[in-house]
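Look over the sequence and the model, then read on.

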Amino acid sequence: MVKRKLGALEKVEADLPNLQHKLRRDPKSYIEDFRAQHYQYESHREIFMAAPSSATDTGIISLRELIDFIAHVADCYPDITKNFGQELIDMLTQHHLLLEPELREKIVGSLVLLRKKDLMDSATLLQTLFPILISTPSKTLRALIFQKILMDLRSSNAKSTNHKLNRTMQTVLFNLVTSDRTSSKGLWAIKLTRELWKRQIWTDAKAVEVMKEAALAENEKVIVGGVRFFLGGDKEREEMEEESSDEEAIDIGKVKHQVGINKKTKKKARAIEKAKATVQRRERKKNQPHPLNFSALHLLHDPQGFAESLFSKHLQSSKSKLNLEQKLMVLQLVTRLVGLHKLHIMHLYSYFQKYLTPRQPSVTSFLASLAQASHDLVPPDDLEPLVLKIANEFVSEAAASEVATAGLNAIREICARQPLAINETLLQDLVMYRKSKDKGVVMAARGLLSLYRDLNPEMLKRRDRGKDASIGLQHGEKQVKRFGAQEAGGIEGLELLEKWKEEERKRKRAQKGLASDEEDDEEEEEDDWDAWNVEDDEDSDDSGGWIDVQSDAEIDLSDSEDEDGNRPSKKAKQANEDKTADSKPENKLPSIATTRILTPADLAKLQELRQEAAVNALVPGAKRRGQTAEARHNDDALTAAEIEGLAALSAGKATREERIAHAREGKTDRSEHKSVTAKRKEKKEEQGKSTTNKEKARKKNFLMTLGKAKSKGKRSLVETRAVLRAHQDRQKRGGRRGNK
């Protein structure tokens, strides 16, 4: 049979992409062609809807191509295609189980395309796709619909937050989780909420409530998904922020100078970079522009009720079907809530009693959870039996070094949060383990000793207190914190500013040849007025003349009710303070906070001193007295690895290869050690340069140089002189070729 030739017009009609291009350019001229294609689409659709299971392959292919064609040009003929979106919705919802995969994918893509062209609203699209997502057995269709739903929600909240759509979708997810707590359909609500939370599209309390209900469900997978969100959702969000945010430019030389590093080494340079990145991350946390970018644990409406429900439903109940690993995750969440919000749950601490044995699987996770559940408002009577049991079970001469290290680290973490959880006798006994032969045990015992040197040195023996703690006790600076006592609020790092000002004052007086105790009020007053003008705009217009105000000398900052004008001198005041220091030792706010108003220059210097102190605290080798576990952020979880500590470095427990591999684990960014010559050679090879003649002669085969060496040995003095003179002449004229 001879193939019939197609005319030009028939070719255009048969080529749908070409016709689509022409329709885009001139919709009015090709309206009849579009009507013809739309009529064919309606015919194919009616045939398919009448008998979807008996549709032919040719009809399905034609229907798929026509759906794609009409979806791309539907915005050019809105009157003709006003029912096109609803027809696709009916086809997908009624027959998504019978549709061919390619046709099904084309229908979903066409619906999303209509949404992009504003021919369909987001609510209609999501209400169509979400029921199919949770009901279809097709894995590929579920993945496609999940991706399209996520993409639509992201685009809807790109320019501004679409509160109406977000509330509608969150209500749907909340109902999905709470309607049937035994069903696994709630996993889709968890996946969607977690992804949108990670991308900071949903950051409100409603999303947290969805995950809260998921954590209280009865299906194991849904419970684990909800608990993992609270344990790791914020960390994922921070990682996304770090990937997307640009690093701020910091003067590395200035940072090195501040830290006091003189010798430049790669190790110290890496330490500086790591400390700098950590400080930048903390500053970004503090200066977060979004007002609602809170942690999920802070957005909980009723953390006490949530923690009690989790503990009673999943941990205490005998009907719980969770395994040990899943129970540990729930326990970590409960203890994080207790430590962060300073809650108190009955029977929580007695629950730990049966798990605090070295033979218990994952015992370090239980120890970390117990430390997380400790805070300064927990009665010491609840924690003291647990600390005593840890000491008896884990810390002894007969215990393995890894066990003793984990026990000492756990006790240190508990006591850092509640220093009153241990008595003097037990503390002094545990501190003696710093003389052990095992490195991990020694470091753990030293950590406990340094902790109490800072928190409560009176509990230590006199020889264990150290110089700083002993001096602090003599001057009344080290005070025992009583149970339930709360520290008065203040400005962070103000003592650094006061110390810096005192040093500057002494330096200026030394330059002038004055005694450090003499007063120079006029100079300080001038400096203060100059500090107020640091950030003034030079081009600003004066709004008026000077205003007479009360001078600084006339302001009385005393709290006493005496009105007599006889004010004691500063030396007399200092003498009186020294006399009363021993009788009334109490923590006072820095004098700078009560005697003067901070200027813009003071605030700028305060910020600089804070960053310098933060970098100093993070650089290895720096003195970090007073840096306890309390300095750790409340949102940061305590892990089992921190409880294990340096147990992996215990002597005799690993081969040399294992110790080398363990040492290299934390040094992934370090390049392989090479000599200076090898580095130069590598650099030359990278630049495409050859070796020198001296290196070539050194690498030459020995037998090739043997004849020359023999002839050199047979030379007479006259021949040697001639050779040397010829060599000097060649050097003068620039070699054999005379290259000058």
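**Briefing: salt bridges, fold and surface charge**

Arginine 24 and aspartate 75 join their side chains in a salt bridge, at 3.2 Å from N to O. A salt bridge here is a side-chain nitrogen of Lys or Arg within 4 Å of a carboxyl oxygen of Asp or Glu. This is a predicted model: local features need pLDDT of at least 70, side-chain atom pairs count only at pLDDT 80 or more, and totals for chains, interfaces and linings use all residues. Residues are numbered from 1 along each chain as its sequence is written, and side-chain values use heavy atoms, leaving out hydrogens and water.

**Salt bridges**

- The structure holds 20 salt bridges.
- Arginine 24 sits in helix H2 (residues 16-25) and aspartate 75 in the loop between helix H4 (57-73) and helix H5 (84-95), so their bridge ties together parts that are 51 residues apart in sequence.
- Helices (H or I, at least four residues) and strands (E, at least two) are DSSP runs, numbered from the N terminus.
- Arginine 24 is partly exposed, at 35% relative accessible area. Aspartate 75 is partly exposed too, at 33%.
- Buried means under 20% relative accessible area, exposed means over 50%, and partly exposed lies in between (1.4 Å probe, protein chains only).
- Arg24, Asp75 and Lys117 are linked in a network of salt bridges.
- Aspartate 376 and lysine 342 also form a salt bridge between their side chains, at 3.2 Å from N to O. This pair links distant parts of the chain, 34 residues apart.
- Aspartate 376 is buried, at 13% relative accessibility, while lysine 342 is partly exposed, at 37%.
- Glutamate 413 and arginine 417 meet in a salt bridge at 2.9 Å, N to O. Both lie in helix H20 (residues 401-417), 4 residues apart, about one turn of the helix.

**Overall fold**

- The protein has 34 helices and 0 strands.
- Of its 740 residues, 34% are buried.
- Contacts are heavy atoms within 4.5 Å. Among those with a separation of 6 or more, 71% join residues 24 or more positions apart.

**Positive surface patch**

- Lys700, Lys708, Lys712, Arg715, Arg733 and Arg736 gather in a patch of positive charge on the surface.
- Such a patch takes residues with over 30% relative accessible area and no salt bridge, with like charges joined within 9 Å.
- Lysine 712 lies in helix H33 (residues 702-713). At 48% relative accessibility, lysine 712 is partly exposed.

Definitions and conventions
Patches are made of residues with over 30% relative accessible area and no salt bridge: like charges are joined within 9 Å, nonpolar side chains (Val, Leu, Ile, Met, Phe, Trp, Tyr) within 5 Å. Accessible areas come from the Shrake-Rupley method with a 1.4 Å probe; for residues, only the protein chains shown count as cover. Lys and Arg count as positive and Asp and Glu as negative; His and the chain ends are not counted. The place of a charge is taken as NZ of Lys, CZ of Arg, CG of Asp or CD of Glu.
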